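Subject: Structure handover

Hello,

Here is the structure for you to look through. Please open it first, then read the notes below.

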Amino acid sequence: MSFDAATASPALPRTPPSGPSSTESSAREAIGGDGGADLVVVGAGLVGLAHAVEAVRAGWSVQIVERDAAAVGASVRNFGHACVTAQVGELLELAQDSRDGWLGAASRAGFWAAQAGAVVVARAADEMAVLEEFAGLRGADAVQLLDAEGAARRLGRGSQGLVGGAFFPADLRIDPRVTAAAIAGWLQQQPGVRIHWRTCVQGVEPGVVHTSRGPVRGERIVVCVGHDLDYLFPQLADDNDVQRCRLSMALVDAPPDLGENAVLTATSMLRYDGLAQTQAAGALRERIAQHRPQLLDIVANAMCTRRPDGTLLVGDSHHYDLAAPPFLDEDVADLLLAELADVLGVERLRVRQRWQGVYASSATTPLVRAEPAPGVRVVTVSTGIGVTLSFGLARQSLAQL
Ligand SMILES: Cc1cc2nc3c(=O)[nH]c(=O)nc-3n(C[C@H](O)[C@H](O)[C@H](O)COP(=O)(O)OP(=O)(O)OC[C@H]3O[C@@H](n4cnc5c(N)ncnc54)[C@H](O)[C@@H]3O)c2cc1C
């Protein structure tokens, strides 16, 4: 299988830089042109790109600076699941706003964003109890309870081994392999927008971003560098306890009758606040700790999403540290694959690719939003829901910059 994000990336600059040191860059000609942009965005992952899309919608000129030749970070390694329903509080509001932003961007830029919802599968009574309590809190429109047959129909499998489930109609799906490249490609066609690929940002001060190719000037600057926040703003990363979270992922052949809805399971009920904060989640956690402790050891969120080409994204585990060693443990992958095979009612899943995802994580805050200098905003999603929140965060930033 080819790696779509890379092949779909926009054309690279023809002339490589001659390579002066970073200390020379401030004396060099501004690479973004003379006037400066209304907004400079650092990082062309989904959070940075969402900021650019919303800025274009507001009529602003935008320059984006990305160190790589294409987005290859968390934004292409994820499930592509806008997990709207299971958020709470401000994150729920941001997610709902983001959903609207995603749909608007998809219709303008012409990429796939499916209002396919999510199914949460219950294979035990204590899992169903969590879903029933959550449905009681949110109402039957937002959380549609399913019996075993209803859950089986949503999964395209038989009902044996299922107790029931819930359908979250507001959840959205995008294809993480192609979406960032599609948005970047569309942005480059808009008047007043320019993307500087293979250009590393080395420092930011009011009105100017210092890069490996020279300064880029802008009235406002937003920094969306995900888990690499500590390279540019180490104190901000330390103050917010930002670490790197590593996730084990695989691409498998999807069972033929599985729909486009995201599929969440019992371990997802322990991760997403809306479900994890129910009273019933306590008993579920206890049972899993007793009978399937290995799932808690790897901090599993066993879930999957089908891509439009019929392949299935399967994951995930969570390991936290300041650095992100690249090594993937086969036992972790086996555990997740066995769990998902059971949920999908198949004997085994044929693996086509494996990879490690990395995102920013903080035990103290789900979002790092800061203004380290006038006109400079930093936005890092420090829990694994940057797809879900990206457009909501972008709208919030633009209103506050
Ligand atoms: C395996 C996995 C599964 C996930 N599943 C989901 C999901 O289903 N739903 C959901 O909502 N979220 C999910 N997430 C989280 C989500 O993917 C991230 O929160 C989101 O992609 C973060 O986007 P970002 O743009 O902030 O970061 P990134 O995608 O990492 O982009 C940051 C960009 O900044 C660039 N950059 C960094 N430093 C510099 C510099 N100095 N100069 C120039 N450029 C720089 C990088 O090259 C990169 O392209 C998942 C994450 C992973 C890893």
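What is the area buried between domain 1 and domain 2? About 1200 Å², of which carbon and sulfur atoms give 49%. Buried area is the accessible area (1.4 Å probe) that two parts lose on being put together, summed over both.

Two notes before the rest. This is a predicted model, in which local features need pLDDT of at least 70 and side-chain atom pairs count only at pLDDT 80 or more, while totals for chains, interfaces and linings use all residues. Residues are numbered from 1 along each chain as its sequence is written, and side-chain values use heavy atoms, with hydrogens and water left out.

**The two domains**

Domain 1 covers 14–76 + 177–239 + 365–400, and domain 2 covers 118–169 + 242–362. These bounds come from an automatic or database domain assignment. The C-alpha centres of the two domains lie 32 Å apart. At the interface, 17 residues of domain 1 are in contact with 13 residues of domain 2. Contact means heavy atoms within 4.5 Å. On the domain 1 side, Arg177, His227 and Ser382 lose the most area to domain 2. Together they account for 48% of what that side buries.

**Salt bridges**

A salt bridge is a side-chain nitrogen of Lys or Arg within 4 Å of a carboxyl oxygen of Asp or Glu. The structure holds 20 of them. Across the interface of domain 1 and domain 2 there are 2. Arg244 pairs with Asp230, and their closest N and O atoms are 2.8 Å apart. Arg369 and Glu90 also form a salt bridge, at 2.7 Å from N to O. That pair links distant parts of the chain: Arg369 is in strand β19 (residues 367–373), Glu90 is in helix α4, and 279 residues separate them. Helices (H or I, at least four residues) and strands (E, at least two) are DSSP runs, numbered from the N terminus.

Two packed helices are described by the angle between their axes and the distance between the axes. Axes are lines fitted to C-alpha atoms, for helices over the stretch in contact, and angles run from 0 to 180 degrees between N-to-C directions.

Take α4 (residues 89–109) and α15 (residues 386–400). Their axes come within 6 Å and cross at roughly 90 degrees. The two helices are therefore roughly perpendicular; that word covers 65 to 115 degrees, with under 35 roughly parallel, over 145 roughly antiparallel and the rest oblique. Glu90 and Trp102 are among the α4 residues in this contact, and Phe391 and Arg395 are among those of α15.

Helix α2 (residues 46–57) also packs with α4, at about 75 degrees, with the axes 11 Å apart. That makes α2 roughly perpendicular to α4. Here Leu46, Val53, Glu54 and Arg57 in α2 meet Gly101, Trp102, Ala105 and Arg108 in α4.

**Backbone points**

Most residues other than glycine have a negative phi, and most peptide bonds are trans. Arg198 has a positive phi of about 50 degrees. Arg198 sits in the loop between β9 (193–196) and β10 (201–205). A cis peptide bond joins Gly315 and Asp316, with omega about -15 degrees.

Best wishes
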